Every structure is written in structure tokens, then in C-alpha cells.
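Student: Could we go through this structure together? I would like to begin with one residue and its surroundings.

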Amino acid sequence: MVIISLHKKGYTGKDNAASIYVCSQCGHPVFSSRSKYAHSTPWPAFTETIREDSVTKIMETLTAYKVLCGKCGNGLGHEFLNDGPEEGSSRF
């Protein structure tokens, strides 16, 4: 199991091992590599969080939520509604 810290500079690493992505500020587990998928952006893309309370969401627009760490409130990016790999799914 690999633990990878999420950070603001984007993710360029290539890994195939099972991984847990954690908040860069507090180390709180946020995403699993099991929900990661290839997307056209340079950021890692996920279909879901590890647990429902792993993040806090604040609606920014009708199609996007601001995503914060569920433990410390650190900004993790956005959840884009209806932009996931399957019809009707979200992309984190």
C-alpha cells in the first residue's frame, strides 16, 4: 500500500500499486486508487471518496462543488457533477 499526499502543484507520477491519497495538511485519508481513472487533466481524477465524511463539499456552481478535507478543511479541489467516466457520475 502506497500513501500519496495530495498537493496544489498537480500530480505527475505514474503508479499501479494500491494507493491511499491523503490530505497534504493533516494526512487524513481522502481517496483510494481503486476509484482513480484516467482523465485529460494533469490532476488525479477519482469517482468517489474513501468515506462519505472524508470530505466536506460547498456548492460553488450548479455543476461543481468545492471539496475540502473532512478533518482540517484544507482545499482539495472540486467535484464536477456529470463529468465522470460513466453517465451521471462525478469527477473529483
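This is a predicted model: local features need pLDDT of at least 70, side-chain atom pairs count only at pLDDT 80 or more; totals for chains, interfaces and linings use all residues.

Student: Which strand is Tyr37 found in?

Tutor: Tyr37 belongs to strand S4, residues 36–37.

Student: Is Tyr37 buried or exposed?

Tutor: Tyr37 counts as buried because its relative accessibility is 17%, and the cut-off for buried is under 20%.

Student: How many residues apart in sequence are Tyr37 and Arg91?

Tutor: They are separated by 54 residues in sequence, and their C-alpha atoms lie 9.4 Å apart in space.

Student: Turning to the cysteines, how many disulfides are there?

Tutor: The count is zero, taking a disulfide as two cysteine sulfur atoms within 2.5 Å. Cys26 is in no disulfide, and its nearest cysteine sulfur, in Cys69, is 3.7 Å away.

Student: What is the relative accessibility of Cys72, and what is that of Cys26?

Tutor: Cys72 is at 40% and counts as partly exposed; Cys26, at 29%, also counts as partly exposed.

Student: Which residues make up the largest nonpolar core?

Tutor: That core has nine residues: Tyr21, Cys23, Val30, Phe31, Phe46, Val55, Val67, Cys69 and Phe92.

Student: Which elements give two or more residues to this core?

Tutor: Those elements are strand S3 (29–32) and strand S7 (64–69). In soluble globular proteins, nonpolar side chains tend to be buried together.

Methods
Residues are numbered from 1 along each chain as its sequence is written. Side-chain values use heavy atoms; hydrogens and water are left out. Helices (H or I, at least four residues) and strands (E, at least two) are DSSP runs, numbered from the N terminus. Buried means under 20% relative accessible area, exposed over 50%, partly exposed in between (1.4 Å probe, protein chains only). A nonpolar core is a set of buried Ala, Val, Leu, Ile, Met, Phe, Trp, Tyr and Cys residues joined through side-chain atoms within 4.5 Å.
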